[in-house]
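Here are some notes for a colleague who is about to work with these coordinates. Please read them alongside the entry shown below.

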Amino acid sequence: MNSILYPACAAAALLAFIYKLRVLRTDRSATQIFLLTNFLLLTLIFTVSTPQVWVATSRAVGIVNFSGLFTQSCVILMAASQQMILLHLSHAPDVAMRKARPRLFALGVALVAMILLFSAATSRHENPTDFAVAKAQFYPSYLLVYLVTYGISQIDVQLLCIRHAKIAPTPWLRRGLYLVGLTMPIALIYTLTRLADVIAGQFGISGHAWEPLAQWSVTIATVVNIIGWTLPDWGRYLSTLWRFWDKRRAYRDLMALHHSLTTQIPEPVLPLGADAGLDTRLYRRVVEIRDAQWALRSWMYPGVRAFVDEACDQARLTGEERAAVTEAALLRAAIWAKARNESPLEHDLNPRATDPEDLASELAFLRRLAHAFAAAPIAHAAETCRAGTVAALSTEESPLT
């Protein structure tokens with residue numbers, strides 16, 4: 001299985017390395033350098049972990065299973081680079097280095113211990129596909145040092161991610177850090193399976209039964225990790241795509257409301273050229289809806305608002321939801337009256353129930369209004385209001401039914 005999963009991880013890490021390499025032209029900060037180091041180490045780890053490369057690397061060095069020591073040493077170095085990234089993100093360079101020293105010292109001690117323990121062990125066979133499982137019985141001290149160091153470093157990385165995410169200056173950096181932090185539980189699954197290998201090996205039991213779990217967990221953790229570290233760069237494109245898609249949805253959401261209003265009040269509608277963009281068309285739709293709404297106030301019976309207030313009280317509607325239902329009811333009753341040329345002697349002076357502060361808030365409210373206009377039972381019931389009274393509604397029946 002690792003002959004498929006590990007090359008895929010190596011390719012993903014290499015793409016991330018190449019993608020981030022371009023940043024060095026404009027930003028050679030410690031954060032960017034350690035992030036590139038992280039991706040380079042990931043590429044080396046999974047490239048050498050590929051069975052064919054594993055055997056060739058050990059043979060070239062002349063040390064049996066050297067590839068196991070190399071890849072797991074790279075994992076420790078990768079943990080150090082991730083800690084350096086997060087410390088430099090959160091602190092000034094001098095403070096980051098001061099906080100990094102004890103961490104780097106501990107990781108360095110663990111790395112030296114791994115090399116010494118590996119050298120003390122003996123092995124006659126290469127194990128490119130199941131190094132940890134096959135050697136758990138003969139390398140227990142080495143693997144324990146590696147696994148404990150790896151597990152503690154991943155916990156530290158998660159804590160640093162969460163801590164900095166709370167003060168991250170951009171949304172996508174915050175999301176990326178949270179995503180990196182989420183890899184820790186998955187990485188701990190890998191750690192626990194390897195610890196189970198060591199324990200089982202002391203009783204002469206093989207851990208091959210749960211080996212797929214270890215391989216899949218480390219693969220998933222790696223992919224999520226790569227996405228999390230690169231998300232601050234390409235996440236803004238997702239934001240742009242989402243804004244475009246949301247504007248298209250908003251344009252469609254307002255279509256029925258716009259049509260209903262401008263059928264009765266066509267004057268606000270201005271012809272737009274074929275080259276008019278979505279932003280222009282959406283803005284014009286908002287303006288035309290509001291202009292038509294103001295023009296329809298001459299057909300708004302004061303009694304409709306009283307009826308709607310009572311119905312909203314019964315339904316316990318508040319805030320913008322209540323405002324949207326109120327305006328929708330006033331519009332429906334006004335359209336009904338306008339279509340029959342039944343203008344009241346007195347009418348509502350203000351067709352609005354709320355005044356959004358900016359264009360984004362206005363658009364969000366109009367989408368809510370459009371939904372209430374089409375679907376709210378209170379708005380439909382308001383069409384039966386005449387001259388300040390509620391007609392054709394049973395007094396025993398709620399306006400919402």
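The points below cover confidence, the nonpolar cores, one tryptophan and the cysteines.

1. This is a predicted model, in which local features need pLDDT of at least 70, side-chain atom pairs count only at pLDDT 80 or more, and totals for chains, interfaces and linings use all residues. Residues are numbered from 1 along each chain as its sequence is written, and side-chain values use heavy atoms, with hydrogens and water left out.

2. The average pLDDT (the predictor's confidence in each residue, from 0 to 100) is 83 for the chain, and 88% of the residues score at least 70. Over residues 386-401 pLDDT stays under 50, and the model has 22 contacts (heavy atoms within 4.5 Å) beyond four places in sequence for them. Where pLDDT is low, the predicted coordinates should not be read in detail.

3. A nonpolar core here is a set of buried Ala, Val, Leu, Ile, Met, Phe, Trp, Tyr and Cys residues joined through side-chain atoms within 4.5 Å. Buried means under 20% relative accessible area (1.4 Å probe, protein chains only). The largest core has 51 residues, and F39, F46 and W229 have the most contacts inside it. Elements giving two or more residues to this core include α2 (30-49) and α9 (211-253); α4 gives the most, with ten residues. Helices are DSSP runs (H or I, at least four residues), numbered from the N terminus.

4. A second, separate core of 40 residues includes L254, M300, I335 and I378.

5. Leaving aside neighbours within four places in sequence, W229 is in contact with L35, N38, F39, Q82, I85, L86, L177 and V180.

6. The disulfide count (cysteine sulfur pairs within 2.5 Å) is zero. C74 is buried at 4% relative accessible area, and C161 is buried at 0%.

How values were computed:
Buried < 20%, exposed > 50% of the residue type's maximum accessible area, 1.4 Å probe, protein only.
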